[in-house]
Amino acid sequence: MNPEKDFAPLTPNIVRALSDKLYEKRKVAALEIEKLVREFVAQNNTAQIKHVIQTLSQEFALSQHPHSRKGGLIGLAACSIALGKDSGLYLKELIEPVLACFSEADSRLRYYACEALYNIVKVARGAVLPHFNVLFDGLSKLAADPDPNVKSGSELLDRLLKDIVTESDNFDLVGFIPLLRDRIYSNNQYARQFLISWIHILEFVPDINLLDYLPEILDGLFQILGDNGKEIRKMCEVVLGEFLKEIKKNPSSVKFAEMANILVIHCQTTDDLIQLTAMCWMREFIQLAGRVMLPYSSGILTAVLPCLAYDDRKKNIKEVASVCNQSLMKLVTPEDDELDEPKPAVQRQGDPSHDDSVARPEGTAGGVPDGSCDSSFSSSISVLTPASTERTPVTLHLDGIVQVLNCHLSDTAIGMMTRIAVLKWLYHLYIKTPRKMFRHTDSLFPILLQTLSDESDEVILKDLEVLAEIASSPAGQTDDPGPPNGPDLRASHSELQVPVLSGAGLLSTSGTKGLECSPSTPTMNSYFYKFMINLLKRFSSERKLLEVRGAFIIRQLCLLLNAENIFHSMADILLREEDLKFASTMVHTLNTILLTSTELFQLRNQLKDLKSPESQNLFCCLYRSWCHNPVTTVSLCFLTQNYQHAYDLIQKFGDLEVTVDFLTEVDKLVQLIECPIFTYLRLQLLDVKSHPYLIKALYGLLMLLPQSSAFQLLSHRLQCVPNPELLQTADGLKAALNAQKADCPSINYAELLQHFEKVQNKHLEVRHQRSGRGDHLDRRVVL
């Protein structure tokens, strides 16, 4: 400090004392300055007041000498005290040099700066609010100060400033939010604690509506929720909880759309507390905002679906995620299937007194999590739509949703419950928005077929429900001119009067009367035939699937779709199957299902009598494919009571290659005859005169069998026939034959028998070709 320099109106004694290293001398100088300024105030000498403040600021507080700076700080505080209520006129000049000292390396200097600012603010009170942002910025730095004295002083100043803000009614929240948004991403624990405390205070100020600006700070709050400090996490939980309570009280004023993506991001974090809190917010958002959240469905599903596979260690997150998933699903309605114009959202539960509208989000994609989980959460899943969204037009865009569902279903590492949830979503969308969904069917179809190989039966059941809905929905009807991957089959079937296919490659509806049908429609659409073809292809390429799950899949499909159509189409497709071994195996599987499954009781009854043209046509269609397996063909004749034709077929067995596999199937047929399915057949043995060819056919099977347990079983059964006389008079035989033919006048059995021989000759040729290449193991049995 230059002693010769003129610091008037400050006296030389004051100047020397302000620069002294002893605090007591600087304090005495400050009292002199206070007295001097009071005199200037009394004289209304503003020029001298400004000169004193400028001198203290430039020559002392901002000087290079540490003691002079300390003296300048205490001198500025003394000026403020002397000015009293008039200090507001000089606050800029008083505050700026003090705040500049907050960044000094000397901790004592920072402490004196904090003390000086406290005195300045204490005197000015509400007049400091126009300078709140610079004060807040300076305090946020001191909150992380390593010196405990500085930190203690900053806490006193912080409490004082909070009192002033809560008492004021003209706090500039709009100007403060940008600063808060910037500072909230600080990683320092003390700075975070400082910020959370301010947000908590502002939440309870009646004239400050912080909820309007929540989208600006919500992401930062979730960042703070992940802090390592337990106390900070708890404070942040409380703040987020208060925000959520306010949202529930005033949903009409909440900007749900602007916070949706923030929630989606934090619902996917690895921190359990953040994820649970965000998921709880997401649950409330969906239930409160209703259809406003639909444009963010893809992001919400991305966050929610993986949580459904969590184990008991994350049970709370899983339960809340499940509610989110179900609530979001309920928002999709049939009105969303409108292809041209968006319709107003359906009015649901809400307060009719609110008329404010929530702005419609422009973009799509997901939302993000929030903060606090309401402990009073009920297990109820009712979707509440506030009045603010009642008439907000929201268009459901399925592209993003389907992409997310497809991605999760394709991921083999995803949990079972997630895969089930994905399939439930697909089924729901096909039910509610079939026209939009069928735009995506070609991309979904391969993965749905692949899912049939899943390890979980529950997943397969849900997958079959989706595939059945695709195959039966009227929205899936196309103008495709015929069955895919093949010519029009009507001409080749006309000889045997097989039910013709419709122009779209489907089975005619004439054969569906009286049968169970799809819940959606009594007819199949264009995807039905495609589904059957691809299902058989999958069975052909993945034989283990056919062996382990084949019967299960087909039986479930018979419950979900029209059983007659399924058997009709599969038999039709197998006619063109080039892999004869697979065709034989598949026919055997279908025949076993037909004869033993309770789901096919009605279809068996339809085939049993062959009294209607539809049943006769179905028999002819099945028969042509059943010819791939001789024994199944005989069993079909037994089922349909075509005993004479069964006898004729057994007569042809003498020309076939009798192998171990062949005899095994005969053995199984004998076992089936003893089952409840063929009770009517066994009772018909009591009437030898009316059913002579039944007994002849059974004796034919007996003659084919070696001396085995099946031979003994059938032999004992035939011994129980009350009338052992098997040969009838010529007139009696003719009458019985006529009686049988009268039941099925339109079936040409001679042509059926020719077709059987033709198919068996083809099988024989294939076996001989394999034998010639050395690939075939001759398994003929020498009797």
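Here is a quick briefing on the structure above. This is a predicted model, where local features need pLDDT of at least 70, side-chain atom pairs count only at pLDDT 80 or more, and totals for chains, interfaces and linings use all residues. Residues are numbered from 1 along each chain as its sequence is written, and side-chain values use heavy atoms, with hydrogens and water left out.

**Overall picture**

- The protein has 36 helices and zero strands; both are DSSP runs numbered from the N terminus, with helices being H or I of at least four residues and strands being E of at least two.
- Of its 783 residues, 53% count as buried, meaning under 20% relative accessible area, while exposed is over 50% and partly exposed is in between (1.4 Å probe, protein chains only).
- Take the contacts (heavy atoms within 4.5 Å) with a separation of 6 or more: 77% of them come from residues 24 or more positions apart.

- In soluble globular proteins, nonpolar side chains tend to be buried together.
- Here, the largest nonpolar core has 248 residues, and Leu-221 and Phe-638 have the most contacts inside it. Helix α14 (residues 272-289) gives the most to this core, with twelve residues.
- A nonpolar core is a set of buried Ala, Val, Leu, Ile, Met, Phe, Trp, Tyr and Cys residues joined through side-chain atoms within 4.5 Å.
- Leaving aside residues up to four places away in sequence, Phe-638 touches a list of residues including Tyr-643, Leu-669, Phe-678, Tyr-680 and Leu-701.

**Cysteines**

- The count of disulfides is zero, going by pairs of cysteine sulfur atoms within 2.5 Å.
- Cys-324 is in no disulfide, and the nearest cysteine sulfur, that of Cys-267, is 6.6 Å away.
- Cys-324 counts as buried at 0% relative accessibility, and Cys-114 is buried too, at 1%.

**Two loop residues with positive phi**

- Asn-44 is not a glycine, yet it has a positive phi of about 60 degrees. You'll find Asn-44 in the loop between α2 (23-42) and α3 (46-61), where Asn-44 is exposed with a relative accessible area of 61%.
- Leu-610, also a residue other than glycine, has a positive phi near 55 degrees. Leu-610 sits in the loop between α27 (601-609) and α28 (613-626), and Leu-610 is buried, with a relative accessible area of 0%.
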